[in-house]
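Me: Can you walk me through this model? I'd like packing first, then the voids.

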Amino acid sequence: MESLGTFLKSRRDRVTPAEIGLRTYGTSRRVPGLRREELAQLAGVSAGYYTRLEQGQADTASEQVLDALARVLRLDQVETVHLHNLARQSAKPGLSQPLPEEPHPRVLTLLKSLGEALPAIVLGRRGDVLAWNRTGHALFAEHISYEAPRDPEQRPSIPRMFFLDPHTRAMYRNWHELARVHVAYLRLTAGRYPTDARLAGLIGELTMHSDDFATMWATGDVADCTVGSMHLRHPTVGTVNVDYQVWLQPDSPDHRVEVYTANDPASSDALRVLTQQVSRADEPEPLRQS
């Protein structure tokens, strides 16, 4: 997965002395960002202690030290949370196989109450589709069986689809933007669940089979995924631009309900056509008279 030291080094490399007011007096530098001793001094810790921390040789780091490092490294709120998550990993055991995720009944009731007017998907912690309404399925994965989320071993994985499924990649006109968000969110999740063997396996699989994923993972970026826009080239209804927003579930905080709304009139018309097609497909066939 990722260690505290790896994340610290990636963040240290991106902060230049000039950005934080350090004078270098024109001397040549062998590192792209801050030196270890510079970061240690600015954070108020000894250079030896910081070196041990980055090399994974220090047992613990206090919240005060982590917050001081986050301040110097100019981490945002999500990155700071990730830093604290990584610092707690040393006390955790090795990988373990988690039980299959199941959506909470109240989440399924919410999904049903949305009907088909709005596309919606329920996602698990690793980006697996736990449930979707028919409009959500038709918008994002009509080439996959609607029943697929019912089987925990066959559930569609949004990260796998993004990086390993050519059909999905071709559908997104802003694929690179969204792919970076998926990678950054996977890193945040990995910090929260460092013992999740399924998550570690997913990250390893994507790293091995997708050069794009490996390149994006190597940046060390971490981010939450709550709102954004998707620009689709849909095979059935053409160009569709939608905004997504995430509803977090208090009873099952790992699970997220993503709801999609059109952000221009043409996209509203396209979603209306998609909803009508879904509704017609759900209608029972008329009885034939003999």
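Predicted model: local features only at pLDDT ≥ 70, side-chain atom pairs only at ≥ 80, totals over all residues.

Me: How many helices and strands does the protein chain have?
Reply: The protein chain has 13 helices and five strands. Both are DSSP runs, numbered from the N terminus (helices H or I, at least four residues; strands E, at least two).

Me: What box do the C-alpha atoms fill?
Reply: Roughly 90 × 40 × 35 Å, taken along the principal axes.

Me: And what share of the residues is buried?
Reply: Of the 290 residues in the protein chain, 46% are buried. Buried means under 20% relative accessible area with a 1.4 Å probe, protein chains only.

Me: Rings next. How many aromatic pairs are there?
Reply: The whole structure holds six aromatic pairs. Rings of Phe, Tyr and Trp (its six-membered ring) pair with centres within 6.5 Å; planes under 30 degrees apart are stacked, over 60 edge-to-face, the rest tilted. Phe-162 and Tyr-172 make a tilted pair, 4.7 Å centre to centre with 40° between the planes.

Me: Where do those two sit in the chain?
Reply: Phe-162 is in helix 8 (residues 158-164). Tyr-172 is in the loop between helix 9 (166-171) and helix 10 (175-192), so the pair links parts of the chain ten residues apart.

Me: Are they buried or exposed?
Reply: Phe-162 is buried, at 2% relative accessible area. Tyr-172 is buried too, at 7%.

Me: Which pair has its planes at 75°?
Reply: Phe-163 and Trp-175. Their ring centres are 5.5 Å apart and their planes stand at 75°, so the pair is edge-to-face. Phe-163 belongs to helix 8 and Trp-175 to helix 10, so this pair ties together parts that are twelve residues apart in sequence.

Me: Which residues do the ring pairs link into a cluster?
Reply: The cluster takes in Phe-162, Phe-163, Tyr-172, Trp-175, Phe-213 and Trp-217.

Me: Switching to strands. What covers strand 1, one face or both?
Reply: Both faces of strand 1 (residues 120-123) are covered. Ala-120 and Val-122 are buried on one side, Ile-121 and Leu-123 on the other. In a regular strand the side chains alternate between the two faces of the sheet.

Me: What runs alongside strand 1?
Reply: Strand 5 (residues 256-262) runs antiparallel to strand 1, joined by four bridges. Strand 2 is antiparallel to strand 1 as well, with three bridges. Two strands pair if DSSP finds at least two bridges between them.

Me: Which residues face each other?
Reply: Ala-120 has Val-259 of strand 5 as its bridge partner. Ile-121 stands opposite Trp-132 in strand 2.

Me: Now voids. How many cavities are there?
Reply: Two, counting those of 30 Å³ or more. On a 1 Å grid over the protein atoms alone, a cavity is where a 1.4 Å probe fits but cannot get out; a pocket is open, with protein on both sides within 12 Å along at least five of seven lines; lining residues have an atom within 4 Å of a point. A volume is the space filled by probe spheres on points joined across faces, edges and corners.

Me: What's around the largest cavity?
Reply: Its volume is about 270 Å³. There are 23 lining residues, and Leu-123, Ile-158, His-182, Cys-225 and Glu-258 are the closest to the centre. Strand 1, helix 8, helix 10 and strand 5 each supply at least two lining residues. Helix 10 gives the most, with six.

Me: And the second largest cavity?
Reply: About 30 Å³. Phe-140, Ile-158, Met-161, Phe-162, Thr-168 and Tyr-172 line the second largest cavity. Helix 8 gives the most to this lining, with three residues.

Me: What about the largest pocket?
Reply: The largest pocket has a volume of about 370 Å³. It is lined by 16 residues, with Leu-111, Ala-131, Trp-132, Tyr-146 and Arg-150 closest to its centre. Helix 6 (105-113) and strand 2 (129-132) each supply at least two residues of this lining. Trp-132 is the residue opposite Ile-121.

Key:
Residues numbered from 1 in each chain as written. Heavy atoms only, no water. Buried < 20%, exposed > 50% of the residue type's maximum accessible area, 1.4 Å probe, protein only.
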